[in-house]
Amino acid sequence: MHPLLEKTLQIKQQLNWSLIFGVSFFLAVVIGLVQITTGVSDWLVENKDAQIKHLMVQGNPKYTDEIAIIRAIKKADLTSFFDLNVKHVQQLVQDLPWVASVSVRKQWPDTLQVYVVEHRAVAHWNSDLLLNQNGDAFEAKSNKLSKNLPQLYGPEGSEQEAWIAFQQFDEMLKVNALTLKSLALSERFSWQLWLDNGVRLNLGRKDKAKRVQRFIDVYPRMEKRADAQIDAIDLRYDTGLAVSFKPLQEEQLQNKSKA
C-alpha cells in the first residue's frame, strides 16, 4: 500500500475513535444528569413535608424575652422547611420593640437559626422614646434600663443632631469634672443644657461649643452665695454671660450650714 494512503487510513481510524469516545462521553454525562435530576426530584417529593422542629435564638438579647421571639417566629408557616419564607420570619422578629436587626438561616433538616441584634439605648428622647447609639429613635420599655440615661428633647427629625451635640458637650464637661444630664433643642434650634448640679445653660443657636467652653473657663471663678444657688447661666452674648440665682430651700440651708 502506498505510504500516503496508509497514513490517511490511520488518521481516519483515529478520528473515528475520537468521535466515538466523544459521543460516548456526552451520552454518559446526559444519562448521569438525568439520573441526578430524577434522584433530586424523588428526594424532594419524599421530603416535601419536612417541618421546622427546632428554633435556635442567638445573639444573647438582653431586653427581648426569648419567648416573645419564638412567639413571633411561630406566626410564620413552619410546616415546610423548603417553603418557609425567611424574609417573613425576619420581619416578624424585627417588629419586636427592642430588635434592631435580625438574620435568619435554615439548617437542614429541621432547624431554624435566628440571630438577634438589639438596640443599645443611650438616651431618652422626648420622654416617651429612646435613642440608640446611632442617634435613631425607637419605642421600647424595660425595667432593666439604666437610671442614669440622659434626657434629650427636640423637634422630630433632630434626633441625630441632638445626640451628636450631647456627646460633644458631655466630653467637654467631663474633662472639667462636670456632668451633663439633659439637653433640649427648641423648634427654633436654640440649645439648652442641664448639669447634674442643677445649673441650666442657655446657649442660643450659634457658636454652641465656644459658649460651653466659655462657661467652663468662668464657672470655677464664679462667686458662690451662701443663701442661693445658681439657677441658669445665659451664654447668648458675644462676650460675657448673665447669671440668675434661686434661693435655697430651708433643708438645703441646714445642710449647707452643717457642711
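The model is predicted: local features need pLDDT of at least 70, side-chain atom pairs count only at pLDDT 80 or more, and totals for chains, interfaces and linings use all residues. Residues are numbered from 1 along each chain as its sequence is written, and side-chain values use heavy atoms, with hydrogens and water left out.

Start with the sheet. Nine strands build an open sheet, in the order β6-β5-β4-β7-β8-β9-β10-β11-β12. The pairing is mixed. Strands here are DSSP runs of E with at least two residues, and helices are runs of H or I with at least four, numbered from the N terminus. Two strands pair if DSSP finds at least two bridges between them. At the edges stand β6 (137-138) and β12 (242-247), each pairing on one side only.

β7 (residues 151-153) and β8 (residues 180-185) run parallel, joined by three bridges. L152 has L183 in β8 as its bridge partner. β8 then pairs with β9 in the antiparallel sense, over five bridges.

Q192 stands opposite N202 in β10. This hairpin of β9 and β10 has four residues between the strands, and G198 takes a positive phi near 95°.

Which side chains of β9 point to one face and are buried? They are W191, L193 and L195. Buried means under 20% relative accessible area, exposed over 50%, and partly exposed in between (1.4 Å probe, protein chains only).

Contact means heavy atoms within 4.5 Å. Axes are lines fitted to C-alpha atoms, for helices over the stretch in contact, and angles run from 0 to 180 degrees between N-to-C directions. Helix α5 (residues 208-218) lies across β9, β10 and β11 (228-234), at about 145° to β10.

Next come the rings. The structure holds eight aromatic pairs. Rings of Phe, Tyr and Trp (its six-membered ring) pair if their centres lie within 6.5 Å; planes under 30 degrees apart count as stacked, over 60 as edge-to-face and the rest as tilted. Y63 and W98 have ring centres 4.0 Å apart and planes at 15°, so this pair is stacked. Y63 lies in the loop between β1 (54-58) and α2 (66-73), and W98 in the loop between α3 (86-94) and β2 (99-107), 35 residues apart. W98 is buried, with a relative accessible area of 3%. Y63, W98 and F138 form one aromatic cluster.

Another pair, F169 and W191, is edge-to-face, at 6.3 Å centre to centre and 85° between the planes. F169 belongs to helix α4 (residues 159-175) and W191 to strand β9 (residues 191-195), so the pair ties together parts 22 residues apart in sequence. F169 is buried at 0% relative accessibility. W191 is buried too, at 2%.
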